[in-house]
Amino acid sequence: MSRVYNFSAGPAVLPEEVLKEAAEEMLDYRGTGMSVMEMSHRSKAFDAIIKDAEADLRDLLAVPDNYKVLFLQGGASQQFAMVPMNLMKNRVADYIITGQWAKKAHKEASLFGKANAVASSADKTFSYIPDCSDLPISEDADYVYICENNTIYGTKFWTLPNTKGKDLVADQSSCFLSEPVDVTKYGLIFAGAQKNVGPAGTVIVIIREDLIREDVLEQTPTMLRYKTHADADSLYNTPPTYGIYMCGKVFKWLKARGGLTAMKEYNEKKAKILYDFLDQSRLFKGTVEKKDRSLMNVPFVTGSEELDALFVKESKAAGFENLKGHRTVGGMRASIYNAMHIEGVEKLVEFMDAFEKKNG
């Protein structure tokens with residue numbers, strides 16, 4: 001069976017070269033006589049895998065020496081609790097609500113202290129990013145929180161908020177490694193791997209060392225303390241070994257393609273093909289304000305629920321998978337992460353054009 005064009009928002013498409021390489025190593029990883037799945041996380045072979053992965057990630061993002069890189073479990077959703085547990089020293093934090101995931105993170109933080117919603121785009125179904133140049137940042141806020149790219153609604157912070165000197169915490173799950181990032185602008189970045197960098201089950205945390213503290217909130221479990229994992233180089237317990245191995249392969253794939261500057265150019269080119277079509281289409285419409293459009297997630301609608309359903313059904317039959325929009329918003333959504341080839345976007349636009357001629 002040939003591979004489909006997979007537009008899933010996550011778990012998402014992975015580079016074919018990476019999958020083939022992993023397949024070749026499945027039964028015997030580099031002469032060890034075993035799969036990485038079967039390997040002790042304390043072995044020399046795995047030690048080299050995790051160290052190599054961290055070195056390549058640091059290289060890709062130019063991560064400064066005073067930031068720790070952690071490979072953890074629990075996905076991005078576990079970070080919704082870990083962040084306040086570890087960083088809410090004053091028990092106050094400011095949240096910018098731009099979609100479902102920021103909303104969930106805000107709700108979780110409210111369990112541990114005062115979580116202020118200092119800006120929101122809920123009034124227009126999260127179809128834009130609010131102006132964050134002069135927010136009412138709390139004087140005693142421990143951090144300001146954003147979900148930088150909104151997977152469900154297809155918006156992106158192209159300008160980071162003015163945090164007025166407070167540490168910025170960003171959930172970058174769906175834009176991680178899609179473009180260069182100045183890590184020094186953040187206190188903490190986290191990203192679930194299953195969108196741009198690997199299989200589900202791994203979350204990557206990049207945290208400034210001064211934020212890794214002993215004095216976290218009382219009764220914070222050992223496993224939910226950043227210090228636990230930082231002190232043990234992500235090997236406090238058995239980490240998601242196979243996920244880390246796959247992430248490491250994707251990091252090497254990104255480096256071989258010219259790094260994040262080249263990746264951003266490629267992603268812009270891909271997104272332009274789809275957005276240009278949506279902007280001139282008589283049938284399909286994008287749902288996001290142009291200035292806030294994501295390069296990774298592109299939601300669109302026909303304006304008719306029946307036509308939307310027909311499009312999803314016919315596109316699936318034609319080999320385009322996972323184009324149905326998130327259950328909370330309906331319509332369609334094409335996630336065009338790093339590993340989605342430009343040809344996939346061109347074929348999708350061809351299909352949309354033909355569908356419009358038939359149904360428009």
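Buried means under 20% relative accessible area, exposed means over 50%, and partly exposed lies in between (1.4 Å probe, protein chains only). The structure is a predicted model, in which local features need pLDDT of at least 70, side-chain atom pairs count only at pLDDT 80 or more, and totals for chains, interfaces and linings use all residues. Residues are numbered from 1 along each chain as its sequence is written, and side-chain values use heavy atoms, with hydrogens and water left out.

**Exercise 1.** Determine where K195 is placed and whether K195 is buried or exposed.

*Solution.*
Step 1. Helices (H or I, at least four residues) and strands (E, at least two) are DSSP runs, numbered from the N terminus. K195 is found in the loop that joins β9 (188–192) to β10 (203–208).
Step 2. The relative accessibility of K195 is 12%, so K195 counts as buried.
Step 3. Contact means heavy atoms within 4.5 Å. Residues up to four places away in sequence are not counted, and K195 then touches A9, G10, A12, V13, T151, S173, S174 and Y337.
Step 4. A polar contact is a pair of N or O atoms within 3.5 Å; within protein, one must be able to donate a hydrogen and the other to accept it, and residues adjacent in sequence count only if both atoms are side-chain atoms. The side chain of K195 reaches the backbone oxygen of A9 at 3.0 Å.
Step 5. An unreviewed UniProt entry annotates K195 as "modified residue: N6-(pyridoxal phosphate)lysine". UniProt positions are given in the numbering used here, feature names are shortened, and annotations may be inferred rather than shown by experiment.

**Exercise 2.** Describe the surroundings of N6.

*Solution.*
Step 1. N6 belongs to strand β1 (residues 5–6).
Step 2. The N6 side chain reaches the backbone nitrogen of S8 at 3.0 Å.
Step 3. Not counting residues up to four places away in sequence, N6 touches A12, V13, E321, N322, S335 and M340.

**Exercise 3.** State the strand order of the open sheet of three strands, and which strands are its edges.

*Solution.*
Step 1. Two strands pair if DSSP finds at least two bridges between them. The order is β11-β12-β14, with antiparallel pairing.
Step 2. β11 (285–286) and β14 (332–335) each pair on one side only, and are the edge strands.
Step 3. Two bridges join β11 to β12 (residues 297–301) in the antiparallel sense, and K285 stands opposite V301 in β12.
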